[in-house]
Amino acid sequence: MTYYKPLEYIVPTEDDGMVLRTILQKRMGVSRKLLSRLKLTEQGITVNGERKYINVKVRAGDRVAARMETEASDDILPQPLPIDILYEDDDLLVLNKEAGMIVHPTHGHYTDTLANGVVHYWREKGVSFRFRPVHRLDQETSGVLAVAKNPYVHQQISEEMQAHGLKKEYVALVHGVIGSDEGTVDAPIDRNPLAPHVRIVTPTGYPAVTHYRVERRFREATLVRLWLETGRTHQIRVHMRHLGHPLLGDKMYGPGGTADEVDKAAAEGRIPEVGGAQQQQGALKPLSEGITDADRSATQQQAAPSVCQAASPASDYGMERQALHACTLGLTHPVTRQRMEFHAPLPIDMERCIKQLEQSEAAQ
């Protein structure tokens, strides 16, 4: 049996006589779930090199160690793919994900994902880890993404994220000119009852808060920087559409996109056609069973303001995907406890889009 580098804690004088369980959970931050796993591992919990029960008391100067068994993502096919590594140590891998790449294999899409490339990279290095991304990025969103190399690191960063301690910054190019220099969108988000893969702002949704600041205004678009307090699916895309400024290149929430199709169908009292086929539920029926007036109202209210309706795909200035980039990730390293920040430069397609916007202004 092989183990990762142990988590260690030297018991200080003030902790003399403390129960080992308390040391592991309160001092070392081991979760109840991980503690259960360590208890069943041969060398999972030791004091001064000897295996101990967690109800024993420790003494000042004792060396407490927690060891996790090595793991591998045997269910992920290793595949030689280009990956852009921003940082790596024994506990953490931070990557700059390219747009268009899915993070983790899904049903019907088992290859060409970031996970396939990372697993191959680790295998080539002769190391074994399980692929554990600590947060998500949409397929078409580029930028910083962190991968935990063991359960403890994943748990610690997840807890920091839940406590809003993780710094996540994005940059985006949106339709229209945002008037205010900065602002906050505090609007709940949930699935659209007429098209569950589409999200909408609705009073009955889950809390979602996005802060934004204008970085630069163009004649027909705005470059904005955004911070998230919550991490709802499609949050930035939904919130910016809610403001009347959807992202350039967004085929779902942009002008004429899927969300607009659903809005139109709702307004006409029919089941929306998405992707060329009607939704399976009641394919030939009007909107009635299972769809409440509140649901229908929330969907209809998503109709974008005039700036969106007036826009056309040609005004995306060359963006073939949503113009959204995760530029910064800040976190506390779970083992060293140092505060760290990682930055991913603006991708080529967004740089090119900005140049086109500049040229369009110069031509006026």
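1. In this predicted model, four strands make up an open sheet whose order is 1-4-2-3, with antiparallel pairing. The edges of the sheet are taken by strand 1 (7-10) and strand 3 (50-51); each has a single partner strand, so one side of each is left without a neighbour in the sheet. As background, strands of a sheet pair through backbone hydrogen bonds, in either a parallel or an antiparallel manner.

2. The pairing of strand 3 can be described in detail. Strand 2 (residues 45-47) pairs with strand 3 in the antiparallel sense, over two bridges. Within strand 3, R51 is the bridge partner of T46. Helix 1 (residues 20-27) packs on the sheet, where it touches strand 1, strand 2 and strand 4 (63-66). The direction of helix 1 makes about 65° with that of strand 4.

3. Two residues deserve attention for their backbone angles. Most residues other than glycine have a negative phi. Where does H234 lie? H234 is placed in the loop between strand 14 (221-228) and helix 5 (235-242). Is H234 buried or exposed? With a relative accessible area of 15%, H234 falls under the 20% cut-off and is therefore buried.

Note on methods. Residues numbered from 1 in each chain as written. Predicted model: local features only at pLDDT ≥ 70, side-chain atom pairs only at ≥ 80, totals over all residues. Heavy atoms only, no water. Pairing = 2+ DSSP bridges. Contact = heavy atoms within 4.5 Å. Axes fitted to C-alpha atoms, helices over the stretch in contact; angles between N-to-C directions. Buried < 20%, exposed > 50% of the residue type's maximum accessible area, 1.4 Å probe, protein only.
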